[in-house]
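Colleague: Can you walk me through this one? I have the file open and would like to go through it piece by piece.

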Amino acid sequence: MTQSKKTGVIGFPVDHSISPIIHNHWIKENNIDAVNYEKINIDPKHFEKEVCALIESGISGLNVTVPLKELAFSFAKELTDVSKQTGAVNTLTFKKGTVCGDNTDVIGFQRSLDQKVVDHNIYNKNCLVLGAGGAARAVVCAIHNLGGRVYICNRTLEKAEQIQRFLQTESEVVDQKDLGDVVGEMQFIVNTTSLGLGNTNNTMINFTKVDQGAFVYDLIYNPKLTSFLSDAQKRNIQYQNGIKMLVEQAAESFNIWHNVLPKNSDLLMNKLEGL
Ligand code: NAP
């Protein structure tokens, strides 16, 4: 007899994650033989021991969130090209005694964008990425795939230089003190920093200098309207938050584990909007 599949998300802390709502919705909608997708806190100090215990318990797939994506990258025995390219893993799959690492944030970010935005604001345009953490790596790769010219700016300059070297895609690093000089030339501005979570405000950009035709994106989805997006809204600049990316990266992980690419339905989006 085959066992129902067990999947979940690991992070530290992971309590804020809404991934279980998304995955459990699709498990039910697609009649997948799987138990409830769960949130599991894993202390980075005990990563290997705790993930091995989950494997022993029969888990077949895990999403990985902050701050465990780089540890998951080192833990995986087999890596997809895209996870090698980013140096981060957000999807672990356990089968036939091996551990496969993938990164669905890249495709998730790409699929979250309207074609109009890609055509008008990314392809052959200047694109500014704020931040140089795990999410920035995925976003830089995605923008590069879509034909944009990437500029990276981060509080810690060396980390921006580090990802520029690691990713080996064409990009420029902007010192935060020079941001005011270049921001007016950017047609796509994306926040991948954690500024905007909780009570923090993102004041990295002076929005009076941003071009009216630019498109502003914040990877954060809770709150739905961060201070960053609110500043864009006040100047009538188009914007979007990170909820669609979250759903799209989840869909790709779901496909890896269950061989079904679920649809991003209004029913699910309404469920998430209502949270
Ligand atoms: P991370 O690896 O911890 O990186 C955090 C980034 O934020 C770094 O660039 C860091 O700069 C910057 N930062 C933190 N505090 C700051 C401050 N006070 N001032 C200026 N910069 C600051 O995290 P991550 O995995 O990249 O995730 C970043 C955000 O993206 C999180 O909010 C996460 O929830 C979101 N995310 C969303 C999705 C989605 O599907 N929508 C997917 C992935 C991630 P330093 O290098 O200077 O420390």
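Modeller: Start with Ile-27. Beyond its neighbours within four places in sequence, Ile-27 is in contact with Ile-32, Ala-34, Val-35, Tyr-37 and Phe-254. Bear in mind that this is a predicted model.

Colleague: Which helix is Ile-27 in? And is Ile-27 buried or exposed?

Modeller: Ile-27 lies in helix α1, residues 19–29. Ile-27 has a relative accessible area of 9% and is buried, because the cut-off for that is under 20%.

Colleague: What about Thr-7, buried or exposed?

Modeller: Thr-7 is buried, at a relative accessible area of 2%. Thr-7 belongs to strand β1, which covers residues 7–11.

Colleague: What does Thr-7 contact, leaving aside its neighbours within four places in sequence?

Modeller: Asn-36, Tyr-37, Glu-38, Ile-59, Ser-60, Gly-61, Trp-257 and His-258. Tyr-37 is also on the contact list of Ile-27.

Colleague: Now the aromatics. How many aromatic pairs does the structure hold?

Modeller: Eight. One of them is Phe-109 with Tyr-217: the ring centres are 4.8 Å apart and the planes are at 50 degrees, so this pair is tilted.

Colleague: Where do Phe-109 and Tyr-217 lie?

Modeller: Phe-109 is in helix α5 (residues 105–112) and Tyr-217 is in strand β11 (residues 215–218). The pair therefore ties together parts that are 108 residues apart in sequence. Both Phe-109 and Tyr-217 are buried.

Colleague: And how do the rings of Phe-188 and Tyr-217 sit?

Modeller: Their centres are 6.4 Å apart and their planes are at 65 degrees, so Phe-188 and Tyr-217 form an edge-to-face pair. Phe-188 is in strand β10 (residues 188–191) and Tyr-217 in strand β11, 29 residues apart, and the pair links distant parts of the chain. Phe-188 and Tyr-217 are both buried.

Colleague: Which residues do the ring pairs link into a cluster?

Modeller: Phe-109, Phe-188, Phe-215 and Tyr-217.

Colleague: Which ring does Lys-77 lie over, and which one does Arg-137 lie over?

Modeller: Lys-77 lies over the face of Phe-75, at 5.2 Å from the ring centre. Arg-137 lies over the face of Phe-166, at 4.7 Å from the ring centre.

Colleague: On to pockets. What volume does the largest pocket have?

Modeller: About 1,400 Å³. The lining has 44 residues, and Val-66, Ala-135, Thr-192, Ser-194 and Leu-197 are the ones nearest the centre of the largest pocket.

Colleague: Which elements supply at least two residues each to that lining?

Modeller: β3 (61–64), α3 (69–75), α7 (134–145), α8 (157–167) and α11 (243–258).

Colleague: How does the lining of the largest pocket divide by class?

Modeller: There are 19 nonpolar, 19 polar and six charged residues.

Colleague: And how much space lies in the second largest pocket?

Modeller: About 170 Å³. The residues that line the second largest pocket include His-16, Ile-18, Tyr-221, Lys-224, Asn-241 and Glu-273.

Colleague: How does that lining divide by class?

Modeller: The lining of the second largest pocket has six nonpolar, three polar and two charged residues.

Notes:
Residues numbered from 1 in each chain as written. Predicted model: local features only at pLDDT ≥ 70, side-chain atom pairs only at ≥ 80, totals over all residues. Heavy atoms only, no water. 1 Å grid on protein atoms, 1.4 Å probe; cavity = no way out; pocket = protein on both sides within 12 Å on 5 of 7 lines; lining within 4 Å. Points joined across faces, edges and corners; volume = space filled by probe spheres on them. Helix = DSSP H or I, 4+ residues; strand = E, 2+ residues; numbered from the N terminus. Nonpolar A, V, L, I, M, F, W, Y, C, P; charged D, E, K, R; others polar. Buried < 20%, exposed > 50% of the residue type's maximum accessible area, 1.4 Å probe, protein only. Contact = heavy atoms within 4.5 Å. Phe/Tyr/Trp six-rings, centres within 6.5 Å; stacked < 30°, edge-to-face > 60°. Lys NZ or Arg CZ within 6 Å of the ring centre and 35° of its normal.
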